[in-house]
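Trainee: I'd like to learn how to read helix packing and nonpolar cores in a model. Could you take me through one?

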Amino acid sequence: MDPAQSGREVPEPRLRRPTAAQPSLPVTSSEAEAHAGSDAGQSEARGVEACAGLDARLVGAYLERLGFDAPCAGSDPAASDHRSASAPGPGSVHAPTVALLRELHLRHLRAVPFENLSVHLGEGIVLEERRLVEKVVEEGRGGFCYELNGAFGALLAALGFEVTLLAARVYGEEGRLGIPYDHLALLVRTADAGEWLADVGFGAHSHYPLQWGRRDEQPDPAGAFRIVEAVGPHPAGAESGAGSATARDLDVVLDGERVYRLEARPRVLRDFVAGAWWHSTSPESHFTKSLICSRLTEDGGRITLSGRRLKVTAADGVSREDELTDDEEVLQTYRERFGIALERVPAVRTAMSRQAAGRTASGSGGSQG
């Protein structure tokens, strides 16, 4: 999860279909602090937490939000050899194939924005599958990595894919790795083409899933990707071995630059509570410093609203920026360009207001973003 990249936009774990529900856990300061540094939940990590609460209505509404009630303009030509005769629609049953996964992945990037508005609107961020899906389909919102990939993973599991949550650490300045549980990505097993790395929660990233077992270059409209073994100590050094690579770590590389480092061990949603709390409250987090709302456009470009600055980038890289001065114009842009209906214009919250809200959430048992 790296908003700074939105402008440019492992030995394999064994997977199984989820069978038992795991406890949900809201993001609160006290719980995050207690969780930090622990490995609670690792022994239970056997794929995405069960989606028993993800009923047919939510699944159908999710698919409808992704546009499966209409033909997909500009659908994936690379999947033509695998594509079924007709595109899936709400309520229809289709095999969990790579063609369906690729189509869902692309549509998600186009329809559901990467955004951190909850952080600055004082809204709760609850890492529980049903709540994440409801935010996407009932509130018409997006989210950051934990929310977007958490919801997408729940949808994929409900459609019959085998899904494993993976933790990653994003490369930052001077090639240093971010905090543990910095990012959430998905390892998805299809019925016909093995395993794929899916990620709809990183801002600007691959348009399509990346083949998990490949170590050569994987062309994508967003650039040339590779999944490579992470070897040796972290190039920028690390205290107490925190940046050291393990035998199971993989680096995702885009156009020759390392994007994030993946651990291949399975995780569950509650493992990411500390990371979500840090990104929602820390003054060092990109997400507390600025507003971001961004999505892929149908022509392969990107549209991003950062506070009041609207940037539209075409597929060829040519961009145009406009400063929105009127509040109604900002709200209209959220509605018409991102499908988000807000009652007021979000504004970056001060550290003091975030801390006060965090203490309130901790005392009440709620969650705070």
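This is a predicted model: local features need pLDDT of at least 70, side-chain atom pairs count only at pLDDT 80 or more; totals for chains, interfaces and linings use all residues.

Trainee: How many helices and strands does the protein have?

Mentor: There are 10 helices and 15 strands, taken as DSSP runs numbered from the N terminus (helices H or I, at least four residues; strands E, at least two). Of the 369 residues, 55% count as buried, meaning under 20% relative accessible area, with exposed over 50% and partly exposed in between (1.4 Å probe, protein chains only).

Trainee: How do I read a helix pair?

Mentor: Two packed helices are described by the angle between their axes and the distance between the axes. Here, α2 (residues 56-65) and α6 (residues 145-158) pack at about 115 degrees, with axes 11 Å apart. The axes are lines fitted to C-alpha atoms over the stretch in contact, and angles run from 0 to 180 degrees between N-to-C directions.

Trainee: Which residues make the contact?

Mentor: From α2 come Val59, Tyr62 and Leu63, and from α6 come Ala151, Phe152, Leu155 and Ala158; contact means heavy atoms within 4.5 Å.

Trainee: And what about the cores?

Mentor: In soluble globular proteins, nonpolar side chains tend to be buried together. A nonpolar core is a set of buried Ala, Val, Leu, Ile, Met, Phe, Trp, Tyr and Cys residues joined through side-chain atoms within 4.5 Å. The largest one here has 53 residues, and Tyr62, Phe152 and Leu155 are among those with the most contacts inside it. Helix α6 gives the most to this core, with nine residues. A second, separate core of 18 residues includes Val170, Ala185, Phe202 and Leu250.

Trainee: Is Ser290 buried, partly exposed or exposed?

Mentor: Ser290 is partly exposed, because its relative accessible area is 36%. Ser290 sits in the loop between α8 (286-289) and β12 (293-296). Leaving aside neighbours within four places in sequence, Ser290 is in contact with Asn116, His120 and Val348. The C-alpha atoms of Ser290 and Ala347 are 8.5 Å apart, although 57 residues separate the two along the chain.

Methods
Residues are numbered from 1 along each chain as its sequence is written. Side-chain values use heavy atoms; hydrogens and water are left out.
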